[in-house]
Amino acid sequence: MRTQKMRTQKSIVLVTVDCLRADHVGFMGYERPTSPFLDSLASESFVVPTAIVAGAPTYYSFPAILASRYPLALGRDVLGLGPDEPTLASVLRQAGYATASFGAANPYISSRFGYEHGFDTFRDFLGDEPSPLSDEKANAANSNGWASRLNRKLQKNRPALGPLGMVYDELYFEYCQRVTPVPDSLDALRRFPSADVIVDHTCTWLSSIGDAPFFLWLHLMDPHSPYYPKDAALTLMGQGPVTTYRARYLNSWWNRSDLGLRRVAHHRDEIVGLYDAGIRWVDTQMARLTETLRGAKRWDDCIFAFTADHGEEFLDHGGRYHPPSRLMEELIRVPLLLRVPGSEKRDVGKSPFSMVHLAPTLLHAAQLPVPADFQGRSHWEQLRRGGSFDGVAISECVAGCTNPFRWENRMGPRVLSVRESRYKLVLHFDPPAENLYDLEADPGEQAPLASEVQKPVRRRLLEIAREHLRRSSEQRDSRTRVQTCLRELRLEWKKPGDKASPVAS
Ligand SMILES: [Zn+2]
């Protein structure tokens with residue numbers, strides 16, 4: 001039974017926002033008003049200027065955030081959390097905390113991948129059979145089905161059609177947009193519960209737990225594609241109403257795979273406007289959540305961590321969305337705001353803070369022991385005292401794995417980046433390539449340094465990468481690996497008529 005004494009312990013609220021890149025919030029310097037409430041909170045919080053995820057996208061990021069473990073540490077073929085793996089939630093539940101998670105229907109952090117572990121209440125707003133976000137059906141729906149067979153045939157023969165071909169597919173695209181019925185509101189087009197729905201459920205749960213210290217994890221999808229923000233958020237951003245027809249048109253355009261970059265870029269700014277409005281809605285709901293916590297007299301003993309699982313590409317390097325491919329800054333750098341009551345705000349140095357350190361840092365700030373199994377370590381002392389930390393952040397993913405539900409999709413070549421304050425090395429394993437960037441001279445990572453330049457730096461970062469890979473294979477937790485594989489096999493066996501996926505050695 002939870003006693004009154006427990007109330008003296010600090011509660012923890014962890015908010016993760018899908019696809020939120022660091023440079024699109026005000027407290028990280030963005031000029032548009034995406035986050036006025038969070039900006040006001042930043043004046044009493046630690047703001048980490050260079051928080052780097054341990055992997056991207058979602059399924060390569062969360063093992064580090066919740067379990068302080070590198071995403072490929074159990075093997076490329078193993079996804080999600082182990083059934084007995086210590087996580088923030090399991091540690092806090094064991095310490096007597098009430099634990100709850102409310103996630104806006106992201107299948108990759110569902111119970112199918114072990115994310116319910118440690119939570120008393122776990123709501124992922126998914127059906128019984130979650131399906132991948134990037135499957136063909138979803139893409140077809142997003143692109144509004146415009147690429148019909150006839151059109152594809154004409155596409156193939158477009159060179160022979162000359163300029164007429166381009167005119168044809170523009171007309172055909174417009175035609176498909178016009179003949180497909182448009183719903184009344186953006187709400188009907190949105191694929192995920194919006195932040196207000198998640199916060200509603202959260203507030204109801206908070207009112208049910210009495211005085212117990214609690215751990216709350218919210219995962220919000222408002223900035224995730226397809227970009228259909230709330231009307232109210234567009235108004236707050238000064239963008240006025242956007243018709244459902246226009247919003248769908250823009251999303252369909254942005255999703256087109258048949259266009260060259262120059263033509264895709266035609267609607268880039270409008271797409272970014274929709275994305276930014278998604279962030280603004282998150283901000284309004286964070287204000288509402290903290291208001292509720294204040295009203296319940298829980299805010300003053302509550303550690304609040306606000307961050308993201310990865311960023312989003314808007315043609316920075318020619319890409320869209322957030323595929324696992326190149327680990328560029330727009331994908332791996334995220335906002336991280338940490339409010340710890342009773343601690344004076346200090347400036348945080350610019351050296352990278354890997355998200356593998358977040359869970360131990362939060363536990364330490366709440367004066368709780370950190371499990372020995374965690375691969376990260378607490379940076380709480382350095383934050384609290386305003387010191388700098390050594391700051392090397394490793395990120396990893398499997399190139400091209402856009403549907404991790406398919407086992408064979410997970411077995412592509414690894415991509416790994418090692419980021420220091422100034423230099424960043426990105427290693428591709430197949431075909432082999434190593435690109436070294438000087439982020440001071442080239443923050444946009446537009447041109448890797450020539451191979452004969454900065455050889456000692458290159459050697460040092462390569463050595464860090466090699467050591468990471470060596471540890472990954474030599475210190476592999478084979479028990480957790482086997483348990484996680486078995487969970488997946490059981491899920492496969494449950495599906496009638498389906499063959500079990502193989503398990504790599
Ligand atoms: Zn994500």
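**Close-up views of a predicted model**

**View 1. Strand S4 and its partners.** Strand S4 is joined by 6 bridges to strand S6 (residues 214-220), and the two run parallel; strands here are DSSP runs of E with at least two residues, numbered from the N terminus, and two strands pair if DSSP finds at least two bridges between them. In this pairing threonine 99 stands opposite phenylalanine 215 of S6. S4 also pairs in the parallel sense with strand S5 (residues 121-123), over 3 bridges, and there alanine 100 stands opposite threonine 121. Because 6 of the 6 residues of S4 (residues 98-103) are buried, the strand is largely enclosed by the rest of the structure, where buried means under 20% relative accessible area (1.4 Å probe, protein chains only).

This is a predicted model, in which local features need pLDDT of at least 70 and side-chain atom pairs count only at pLDDT 80 or more, whereas totals for chains, interfaces and linings use all residues. Residues are numbered from 1 along each chain as its sequence is written, and side-chain values use heavy atoms, with hydrogens and water left out.

View 2. Aspartate 309 and histidine 310 are both buried.

**View 3. Surroundings of methionine 286.** Methionine 286 touches residues including Val15, Leu218 and Phe304, leaving aside residues up to four places away in sequence; contact means heavy atoms within 4.5 Å.

Definitions and conventions: Buried < 20%, exposed > 50% of the residue type's maximum accessible area, 1.4 Å probe, protein only. Helix = DSSP H or I, 4+ residues; strand = E, 2+ residues; numbered from the N terminus.
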